[in-house]
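Student: Could we go through this structure together? I would like to start with the ligand and its surroundings.

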Amino acid sequence: MGDLVLETAQLVLRRVDEGDAELQHRILNTAAVMKHLGGVKELHEIETKHAKTMASFAREGFGFMMMIEKATGDMVGHAGLKRVDHTLALNQGDMEIGWLVREDRWRRGYAMEAARAVRDLAFVGHDTPLLVALTSAANVGSWRIMEKLGMRRRKDLDFNDPNFPAGENPTIQYSIDREEWQASR
Ligand SMILES: CC(C)(COP(=O)(O)OP(=O)(O)OC[C@H]1O[C@@H](n2cnc3c(N)ncnc32)[C@H](O)[C@@H]1OP(=O)(O)O)[C@@H](O)C(=O)NCCC(=O)NCCS
């Protein structure tokens, strides 16, 4: 079991560990959850992402985590930090925040709770000057969370991803810098 990284009112967030790819594939990899993320993934694709996040934890001390519901011990989502690595992004290397929640636990405040804790970890624990988030205009739930985190729309960082359908383009970005984060607290 991966080490505990964060605790919130309803959740704990622990490091991704061996075996979590299978759990994610079974529980989070549904058509509804993956609708704006390029559709459902093969197990090997999730394994590759998890290997990258474990390497990121080893190298930089941060990565994506599994969200565990305190009340039940169930895995209910995935959230954390990575470096922007999309080859078409102008801001590769910026620290990026992201989240997903299993669909039978939507609208309980889990994404917001996890996202606030991860945002604060980025500024306090990892001393980042800037935090960004990527989504599409169609993913209303996700960009509302970005706005609630105090992030602002960065049209200058938008890009088109030919691997995504027209309805999911462009990829849009939001950001918050250290001063904006301090002012919002
Ligand atoms: C987007 C997602 C993470 C939201 O998770 P959640 O735990 O249900 O979100 P929360 O309950 O914390 O909601 C926080 C806020 O997000 C917004 N929101 C969440 N889902 C929404 C939806 N379906 N439509 C509109 N706004 C939504 C609301 O503003 C909400 O605040 P409110 O409840 O006070 O109105 C979840 O729907 C999900 O996993 N989607 C698929 C994966 C995904 O697209 N991830 C983002 C990739 S960029």
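Student: Which helix gives the most to the shell around the ligand?
Tutor: Helix 4 does, with five residues. Please keep in mind that this is a predicted model.

Student: And how many residues surround the ligand?
Tutor: There are 20 residues around the ligand. The closest are Val-101, Arg-107, Gly-109, Asn-139 and Lys-148.

Student: What lies 2.8 Å from an oxygen atom of the ligand?
Tutor: That is a polar side-chain atom of Asn-139. Ala-111 uses its backbone instead: a backbone N or O atom of Ala-111 lies 3.0 Å from an oxygen atom of the ligand. Arg-144 has a polar side-chain atom 3.3 Å from a nitrogen atom of the ligand.

Student: OK, and how much of the ligand's accessible area does the protein cover?
Tutor: The ligand on its own has 910 Å² of accessible area, and the protein covers 78% of that.

Student: Which elements give two or more residues to the shell?
Tutor: They are strand 5 (95–101), helix 3 (110–124), strand 6 (130–136) and helix 4 (140–148).

Student: Back to Arg-107. Where does it lie?
Tutor: Arg-107 lies in the loop between strand 5 and helix 3. Its phi is positive, at about 65 degrees, although Arg-107 is not a glycine.

Student: New topic: at what angle do helix 1 and helix 2 pack?
Tutor: Helix 1 (residues 20–27) and helix 2 (residues 43–60) pack at about 130 degrees, and their axes are 9 Å apart. That angle is why helix 1 counts as oblique to helix 2.

Student: Is the crossing left-handed or right-handed?
Tutor: Helix 1 passes helix 2 in a right-handed crossing.

Student: Last one: is the peptide bond from Asn-169 to Pro-170 cis or trans?
Tutor: The bond is cis, with omega near -5 degrees. Pro-170 is found in the loop between strand 7 (152–153) and strand 8 (171–177).

How values were computed:
Residues numbered from 1 in each chain as written. Predicted model: local features only at pLDDT ≥ 70, side-chain atom pairs only at ≥ 80, totals over all residues. Heavy atoms only, no water. Near = heavy atom within 4 Å. Polar contact = N/O pair within 3.5 Å; in protein donor to acceptor, adjacent residues only side chain to side chain. Areas by Shrake-Rupley, 256 points an atom, 1.4 Å probe, with all protein chains shown as cover. Helix = DSSP H or I, 4+ residues; strand = E, 2+ residues; numbered from the N terminus. Axes fitted to C-alpha atoms, helices over the stretch in contact; angles between N-to-C directions. Parallel < 35°, antiparallel > 145°, perpendicular 65-115°, else oblique. Left-handed = near helix turned anticlockwise from the far one by under 90°.
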